[in-house]
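Me: I've got a structure open and want to talk through a few spots in it. Can you take them one at a time?

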Amino acid sequence: MPEINAPDLTKRAPRSPRVRLGGYAILPRMLDKGRATVAGKHGEFHYNCPLDQRFVEFVGIDPEAMKKELAAGKSDGDILGWVQATAKNKHSDFEIAEWSRFQDNRGPADLESRQFFNEYHSKLAPQREDVTSWFDILDIDDFVSYGGKP
């Protein structure tokens, strides 16, 4: 079996969804979760979760095929090349940057989501007044889950 450089997500969080690979937000986090899943070190994280599916739908790839590439020990650069070669939805650098910027700033869009967001925010970091996006919540949750103080 090839060596998979998998993070142990029982000990540390995957990369922030804000981290970019090829201009894409979410992708590096998804790769961390995929590698950890293949290695059985994913803890409470889920590969191809609704956040990951935003990337999958934007580029038009098969997440199970990507997981097979990860299981083969492919690097981030190799996976980016695979994404660019197999994506059904080809986007310009500008479109990728705009999509990623939108993801960075995306907040709850309906009342039910807003209520969940506000309850979670008040539980994790009630003193933080700068929390407005789902990425903000994920970053705080990752930090707090591994022993950080908000």
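This is a predicted model: local features need pLDDT of at least 70, side-chain atom pairs count only at pLDDT 80 or more; totals for chains, interfaces and linings use all residues.

Me: Let's start with I26. Is I26 buried or exposed?

Reply: I26 sits in the segment before helix 1 (27–39). Its phi is positive, about 75 degrees, though it isn't a glycine. Most residues other than glycine have a negative phi. As for accessibility, the relative value for I26 is 0% and the cut-off for burial is under 20%, so I26 counts as buried.

Me: And N48, where does that one lie?

Reply: N48 is another non-glycine residue with a positive phi, here about 60 degrees. Its place is the loop between helix 1 and helix 2 (50–59).

Me: How are helix 1 and helix 2 oriented: parallel, antiparallel, perpendicular or oblique?

Reply: Their axes come within 10 Å and cross at roughly 120 degrees. Perpendicular covers 65 to 115 degrees and antiparallel starts over 145, so helix 1 is oblique to helix 2.

Me: Which residues make that contact, and how do they divide by type?

Reply: The crossing is left-handed. Helix 1 brings L27, R29, M30 and K33, while helix 2 brings L51, D52, F55 and V56. Sorted by type, the residues of this contact are five nonpolar, no polar and three charged.

Me: R35 is in helix 1 too. Is R35 buried or exposed?

Reply: R35 has contacts beyond its neighbours within four places in sequence, among them I4, P7, L70, D76 and I79. Its relative accessibility is 6%, and anything under 20% qualifies as buried, so R35 counts as buried.

Me: Which residues form one aromatic cluster with F58 and W99?

Reply: Both of these are buried, F58 at 15% relative accessible area and W99 at 11%. The cluster also takes in F55, which belongs to the helix 1 and helix 2 contact.

Me: What about F116 and Y120, are they buried or partly exposed?

Reply: F116 and Y120 both lie in helix 6 (residues 111–124), four residues apart, about one turn of the helix. Their rings are stacked, with centres 5.6 Å apart and planes at 15 degrees. Relative accessibility is 48% for F116 and 22% for Y120, so both count as partly exposed.

Key: Residues are numbered from 1 along each chain as its sequence is written. Side-chain values use heavy atoms; hydrogens and water are left out. Helices (H or I, at least four residues) and strands (E, at least two) are DSSP runs, numbered from the N terminus. Buried means under 20% relative accessible area, exposed over 50%, partly exposed in between (1.4 Å probe, protein chains only). Axes are lines fitted to C-alpha atoms, for helices over the stretch in contact, and angles run from 0 to 180 degrees between N-to-C directions. Angles under 35 degrees count as roughly parallel, over 145 as roughly antiparallel, 65 to 115 as roughly perpendicular and the rest as oblique. A crossing is left-handed if the near helix is turned anticlockwise from the far one by less than a right angle, and right-handed if clockwise. Contact means heavy atoms within 4.5 Å. Ala, Val, Leu, Ile, Met, Phe, Trp, Tyr, Cys and Pro count as nonpolar, Asp, Glu, Lys and Arg as charged, and the others, Gly among them, as polar. Rings of Phe, Tyr and Trp (its six-membered ring) pair if their centres lie within 6.5 Å; planes under 30 degrees apart count as stacked, over 60 as edge-to-face and the rest as tilted.
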